Amino acid sequence: MSQVNVDTINEYNSAAGVTIDGLLIKDGAIPSIAGGLEEVDVWHLTTDFTGDANPIASNLSRWASAWEKIGTGMTESSGVFTFPSTGKWNVEFNVSYTTHPSNQAERNVLNHISYSNDGGSTWDVYQAKANANMYATSMTAIDSSAYAQLKLDVTNTSNDQVRFRIDVQATGTKTVASTATQLTTYMTFSKLGAT
């Protein structure tokens, strides 16, 4: 049986890729073939706050407890997140809330992912929202959470950005920060594949 031993196979034409036993391999597809993601990053809120935030612009940090980002990671400035590379991205936003409503009172809270494709000049080109409804039958604290997810095709790392917003019905509603060992309010960014 004939055998060819090589250290490296370079693409003659990067658009065409290399076909081995009927399997087409391109540089951008290698992470998917290997079964892993080339970018996963997790950020979280580090300090509780009460009321609205549009966007959450402070007290954000990369999660580092028993975790290390995969790849380059996101860049954050004043609550605006920029992607490290183009591709198909999944953005998740989980928020934990607590409130002390009056007896027989209802409280709604909203967490919201906003997207801009023009470097932040306009927002909400695409968006994802999740609502939590809290109802109290007595004067006790109510805890709840809401989860939003947005899938994006990031084609320009300078223009494509996301940020995160909180809307609350009552001024006493608090967004709960993560602790050193628990993720409660956090954002996850995962690159699923090439654009």
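This is a predicted model: local features need pLDDT of at least 70, side-chain atom pairs count only at pLDDT 80 or more; totals for chains, interfaces and linings use all residues.

Trainee: Where does Thr 184 sit in the chain?

Mentor: Look in the loop between β13 (174-175) and β14 (186-193).

Trainee: Is Thr 184 buried or exposed?

Mentor: The cut-off for buried is under 20% relative accessible area. Thr 184 has 15%, so it counts as buried. Across the protein, 41% of the 195 residues count as buried.

Trainee: Which backbone oxygen does the side chain of Thr 184 reach?

Mentor: That of Val 176, at 3.3 Å. Val 176 is also among the residues that Thr 184 touches.

Trainee: Now the strands. How do I read a sheet?

Mentor: Strands of a sheet pair through backbone hydrogen bonds, and the pairing is either parallel or antiparallel. Here, one helix and 14 strands make up the count for the protein. Five of the strands form an open sheet in the order β6-β7-β12-β9-β10, paired antiparallel.

Trainee: Which strands stand at the edges?

Mentor: β6 (75-77) and β10 (127-136). Each has a single partner strand, so one side of each lacks a neighbour in the sheet. From one strand to the next, the twist averages 20°.

Trainee: How many bridges join β7 to β12?

Mentor: Two, between residues 80-82 of β7 and residues 161-168 of β12. Thr 82 has Gln 161 in β12 as its bridge partner.

How values were computed:
Residues are numbered from 1 along each chain as its sequence is written. Side-chain values use heavy atoms; hydrogens and water are left out. Helices (H or I, at least four residues) and strands (E, at least two) are DSSP runs, numbered from the N terminus. Buried means under 20% relative accessible area, exposed over 50%, partly exposed in between (1.4 Å probe, protein chains only). A polar contact is a pair of N or O atoms within 3.5 Å; within protein, one must be able to donate a hydrogen and the other to accept it, and residues adjacent in sequence count only if both atoms are side-chain atoms. Contact means heavy atoms within 4.5 Å. Two strands pair if DSSP finds at least two bridges between them. Axes are lines fitted to C-alpha atoms, for helices over the stretch in contact, and angles run from 0 to 180 degrees between N-to-C directions. Lists of a residue's contacts leave out its neighbours within four places in sequence.
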